[in-house]
Amino acid sequence: MRTLVRAVQERAGSNDPLVLLETAMVVAGETSSAADGLIEHYVGAARAVNVSWTLIGERLGVSKQAARQKFAHRLEVSDLIGDAAESMVMAPRLSACLQAAQAAADADDSVPGTQHLLLGVLHVGVAANILDQLGVTRDKVREASARLFEPAMIADGDGRERRVVGDGDAENAVTGARRLAARRGQSQFRSEHLLFCLATDPGSSARRVLNDLGVDVARLKKELDEWVAPVQRRHRRIGKSKGTGRACSFCGCKDLGPLVAGPGVWICGNCARTALDILHAEPRGG
């Protein structure tokens, strides 16, 4: 206490009671923040050696759930990445899916991985319906994940180690879904965008689970294509049209700007971008 009083007096540089009070509030806030950081550091150290949330909660004087909620790594879904995605709105159904994914990660005492997102998108929405049609269930995903993935420890950017089951890459997958929806001209990003990203990433835990379950990924992408297809936008023409009568050989549009000619075919800019997205999404090297 004396040390803190001395620190306030030195920083204030005045005997004015109000100046001292204002300075004391600043020092108290800094001290509180430092104390929270100190506790969080040692909670992380305890988790790094597999101390359970139950024991940590007991020492903190709170429940297991309260300790995990305060200190566990949460699945972030609010960051807006990139100019095109800044106005992107998350569909309510996707928000519910991400909550289900976080609950699945909590059950594993793990940083959220893409296999947890796969469990999440089975909660509700178009992605859930498509997976149902392909015979993918929560029980099958859980069983495959338990068999395929061993827990591991990874270090975050702040140097803290966290327990991971699977790839721990859920946040990047969510960001990828947001960017995909933005590139396709959608007004929201939804569960189908997220499932598309999970299925087309050959290195993800979710893709490994799908492969293990014998899911035909090509069929899955085909089912998703109509839901994540680019929105066709009509551009106002400047000047008079010469009326060539030419149209895109793929979508049939005539007024989306210049057409690229091929041997007996034409392709518009939107279809060209779709083709590039498909090529980039395809696995490389078998």
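**Notebook: salt bridges, cores and local features**

I began with Arg190 and Glu192, whose side chains meet in a salt bridge at 2.6 Å, N to O. I note at the outset that the model is a predicted one.

**Entry 1. The Arg190–Glu192 pair**

I looked up how accessible each partner is. Arg190 counts as buried, at 18% relative accessibility. Glu192 is buried as well, with a relative accessible area of 2%. Since the limit for buried is under 20%, I record that Arg190, at 18%, is counted as buried by that rule.

**Entry 2. Other salt bridges**

How many salt bridges does the rule give? The count comes to four. I reminded myself that side chains of opposite charge can pair when their charged atoms come close.

I next examined Arg147 and Asp212, whose side chains form a salt bridge at 2.7 Å, N to O. This pair links distant parts of the chain, with Arg147 in helix α8 and Asp212 in helix α11, 65 residues apart. Arg147 is partly exposed, its relative accessible area being 46%. Asp212 is also partly exposed, with a value of 33%.

I then followed shared partners.

An α-helix has 3.6 residues a turn, so residues three or four places apart point the same way. Asp139 is exposed, at 59% relative accessible area, whereas Arg142 counts as partly exposed, at 44%.

**Entry 3. Nonpolar cores**

Which residues touch the most other members of the largest nonpolar core? I list Leu117, Leu118, Leu131, Leu194 and Leu220, out of 45 residues in that core. At least two residues of this core are supplied by each of α5 (92-107), α6 (114-121), α7 (126-133), α8 (138-148), α9 (170-183), α10 (191-199), α11 (205-212) and α12 (217-228). The largest share, seven residues, comes from α9. Another core lies apart from it and has six residues, among them Val43, Trp53, Ile56 and Ala67. In soluble globular proteins, nonpolar side chains tend to be buried together.

**Entry 4. Helix α7**

I inspected α7 for its inward-facing residues by accessibility. Val126, Ala127, Ala128, Ile130 and Leu131 are buried in this helix. The buried residues of α7 pack against α6, α10, α11 and α12. Just after α7, Gly135 takes a positive phi of about 80°.

**Entry 5. Asp109**

I looked up the backbone at Asp109, which has a positive phi of about 50° although it is not a glycine. Where is Asp109 found? Asp109 sits in the loop between α5 and α6. Asp109 is partly exposed, with a relative accessible area of 24%.

**Entry 6. Val89**

I placed Val89 in strand β1, residues 89-90. Val89 counts as partly exposed, at 42% relative accessibility. Val89 and Gln186 are 97 residues apart in sequence, and their C-alpha atoms are 9.4 Å apart in space. Leaving aside residues up to four places away in sequence, I found that Val89 touches Ser187, Gln188 and Phe189.

**Entry 7. Cysteines**

I checked for disulfides, and the count comes to zero by the rule applied. A disulfide is a covalent bond between the sulfur atoms of two cysteines. I also looked up two cysteines individually. Is Cys97 buried or exposed? Cys97 counts as buried, at 1% relative accessibility. Cys197 counts as buried too, at 17% relative accessibility.

**Entry 8. A nonpolar surface patch**

Which residues make the nonpolar surface patch of about 360 Å²? I found Leu18, Leu21 and Met25. Met25 lies in helix α2, which covers residues 17-48. Met25 is exposed, with a relative accessible area of 59%. The limit for exposed is over 50%, and Met25, at 59%, is therefore classed as exposed.

Conventions: Residues numbered from 1 in each chain as written. Predicted model: local features only at pLDDT ≥ 70, side-chain atom pairs only at ≥ 80, totals over all residues. Heavy atoms only, no water. Patch = residues over 30% accessible without salt bridge, like charges linked within 9 Å, V, L, I, M, F, W, Y side chains within 5 Å. Areas by Shrake-Rupley, 256 points an atom, 1.4 Å probe, with all protein chains shown as cover. Helix = DSSP H or I, 4+ residues; strand = E, 2+ residues; numbered from the N terminus. Buried < 20%, exposed > 50% of the residue type's maximum accessible area, 1.4 Å probe, protein only. Core = buried A, V, L, I, M, F, W, Y, C linked by side-chain atoms within 4.5 Å. Disulfide = S-S within 2.5 Å. Contact = heavy atoms within 4.5 Å.
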